[in-house]
Amino acid sequence: MTLALVTGGGSGIGREIAVSLRREGYDVAVTVLPGTYAPGDDGIGVFPCDAGVEEDVEALFTKLKDTYGRTPSVVVNNAGIQTWAPLLDLSSDDWDKVIATNLRGTFLNTRIGARHMVAAGRQGAIVNIGSGCNRLAFPNLVDYGASKGGIEQFTKSAACELGPMGIRVNCVAPGAIDTDRTRLETDAYAKEWAGLTPLRRVGTPEDVAEAVIFLVSDRASFITGQTLAVDGGVFSRAPWPAYG
Ligand code: NDP
């Protein structure tokens, strides 16, 4: 069975991607921040690993090899955090934290994962979870938007370099998705975003997982370097006034 790794798979979208991959017949391992998560009994392996710490990620892949007898052929870089502040107030500590988890974490798990795939002579598929937030400037999300824009560009570079080795790299860019985390942003999250979204609803973690499942499957065997928006059209919608 193919082994799939989902970073930050203890909650929200990552959790749903892991459960969906399992349902599709993959062996699935997820990473969680050290000390934050009690594993269930759903057949999904749980491994503490800070996505942005190189030694953690190296140790993770060694541990996966020991546990499963192989390293992943599918890697989903989902771990992500955000801080909220206007640029003039944004601390360099918050900037570093967000870039370390989101962008450096994606780089590390891609590079180390791909090295293992190449060493084992295996083909593979990597999906990076980006965001629609980097399509347009998003208020108070300077560091996050920069990290997600970086992930989109990184996806293209990684796809071109790893393509000749049989490794595809794509990005999924969610719009407004209803998760425990986004519900904390505002009580009216789903209602507000449904009103802004052409398909008139917020997305679900299942919507994002479906796109990931497709992109890692053989049905997407000629697709690499792409960003697939799963956003109900919200980031295609210009926020300009309508005339006439
Ligand atoms: P969650 O906060 O539920 O998911 C993020 C997960 O990443 C959490 O389980 C978190 O663990 C984990 N995590 C955080 N830092 C690290 C780290 N350094 N190493 C390993 N794991 C870490 O939010 P969502 O499910 O909403 O977000 C998932 C992804 O989707 C993120 O990349 C986010 O940017 C992206 N996204 C989400 C959108 C949405 O509307 N929900 C829209 C666009 C993109 P813990 O909970 O313990 O901190």
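Helices (H or I, at least four residues) and strands (E, at least two) are taken here as DSSP runs, numbered from the N terminus. The model is predicted, with local features needing pLDDT of at least 70 and side-chain atom pairs pLDDT 80 or more, while totals for chains, interfaces and linings use all residues. Residues are numbered from 1 along each chain as its sequence is written, and side-chain values use heavy atoms, with hydrogens and water left out.

Select the ligand to begin. Of the 27 residues around the ligand (a heavy atom within 4 Å), those that come nearest are Ser11, Ile13, Asp50, Asn78 and Tyr144. Now show the side chain of aspartate 50, where an N or O atom is 2.8 Å from a nitrogen atom of the ligand, and then that of lysine 148, where an N or O atom is 2.9 Å from a ligand oxygen atom.

Next, select the largest pocket, which on a 1 Å grid over the protein atoms alone is an open set of points where a 1.4 Å probe fits, with protein on both sides within 12 Å along at least five of seven lines, lining residues having an atom within 4 Å of a point. The ligand sits in this pocket, in the sense that more than half of its atoms lie within 2 Å of the grid points. Colour H1, strand E2 (27-32), H4, H5 and helix H6 (189-196), each of which supplies at least two residues of the lining; H5 gives the most, with 6 residues.

Finally, move to the second largest pocket, where strand E5 (124-129) and helix H7 (205-216) each supply at least two lining residues.

How values were computed
Polar contact = N/O pair within 3.5 Å; in protein donor to acceptor, adjacent residues only side chain to side chain.
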